[in-house]
Amino acid sequence: MRLIIMPDPHSATRLAAIEIASLMTARNSPVLGLATGRTMEGVYRDLCVMHREEGLDFSTTTSFNLDEYAGLSADDRRSYHHYMNSLLFNHVNIRPSAAHLPAGDASDLDAECTAYEKLIETSGGIDLQLLGIGDTGHIGFNEPPSPFDSRTRCVALNRKTRIQNAGMFGGNPDNVPTHALTMGVGTILEARHLLLLALGNSKAAIVAKALEGAVGPEVSASAIRLHPQCTVILDAESASTLSAETRSQALYQESQD
C-alpha cells in the first residue's frame, strides 16, 4: 500500500485527480471505477479543469460507478446519476453510453446487479477504482459485515450511513432510501489499481481503523490492504490519528497550490 499524506484537502483532491488523469493518458481505452460523496467533489472539479484547460480526453474512457440508491430514478436530483452528470459527465467528452451506474429503479434489482457485474467483466475489468470511506468503514455501500468475496448486490443501509447522507434528503435520515445497489468488496478488489481518498477530522478515526485495525468484514475498507496495488491519499486531518509508525512510512508532498 502506498500512503500519501497531503497538507490540506485541496492538494489531496488535486493529487487524486492527477493519479486518475495519468492512468487515462497511459491507456488507450481506460476503464474507471468512480465514487460519489462530498469527498469526491474536488476531484471531479479538478478533472473538469484538466479537460477544459489541458485537453484531458474522456472520449475513449468507460466508467462504472460504485453504487446507486434503490428506488431512485436516474433523473431524481438526489440520485448518484444526477450527482455524476452535474459534477463530471456533463462537463467532459465522455460518451453517455460509456458512463455506467446501476439502475436504482430497475424492476428486478437482483437481475440489475447481475447484469452490472457482467458489464464490468465484458468491458475488460476496471483499471482504477476510486474509493471513499464511510463512517461505518464501508467502501461502496458495503456495510458491515461485508464478505470480501461479495459481488454487486442490493444491500440494506446502516442507520449511521443514512444519517451521514441525509444532506441530500432535506437533512432527515428517514428520507434516505433504506437500500442501495453496490459493487461488492470482491468486485472492488478485482480492479487493477485502488485509489482511496479521505479528507477531514471526521474521517480520522475510521481511516485509522481501516489502515491499522484488524482486516475483516466488519470494516470493509480494511480489504484494500489485501490489494497488490493500492494508493491511499489523505489530508493532514484525516491522517491525524494514525500511529507514528504508519505516518513514518507515508509519503509527504508539498501543497500544489
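Mentor: S220 is found in the loop that lies between helix 7 (204–212) and strand 10 (230–235); helices (H or I, at least four residues) and strands (E, at least two) are DSSP runs, numbered from the N terminus. This is a predicted model, in which local features need pLDDT of at least 70, side-chain atom pairs count only at pLDDT 80 or more, and totals for chains, interfaces and linings use all residues. Residues are numbered from 1 along each chain as its sequence is written, and side-chain values use heavy atoms, with hydrogens and water left out.

S220 has a relative accessible area of 1% and is therefore buried (under 20% relative accessible area, with exposed over 50% and partly exposed in between; 1.4 Å probe, protein chains only). Its side chain reaches the backbone oxygen of G137 at 3.3 Å. A polar atom of the S220 side chain also lies 3.0 Å from the backbone oxygen of N142. Leaving aside residues up to four places away in sequence, S220 touches G137, H138, I139, N142, S146, F148 and V185, where contact means heavy atoms within 4.5 Å.

Three strands form an open sheet in the order 4-8-7, with antiparallel pairing; two strands pair if DSSP finds at least two bridges between them. Strand 4 (67–69) and strand 7 (153–156) are at the edges with a single partner strand each, so one side of each has no neighbour in the sheet. Strand 7 is joined to strand 8 (residues 179–182) by four bridges, and the two run antiparallel. V155 has A180 in strand 8 as its bridge partner.

Key:
Polar contact = N/O pair within 3.5 Å; in protein donor to acceptor, adjacent residues only side chain to side chain.
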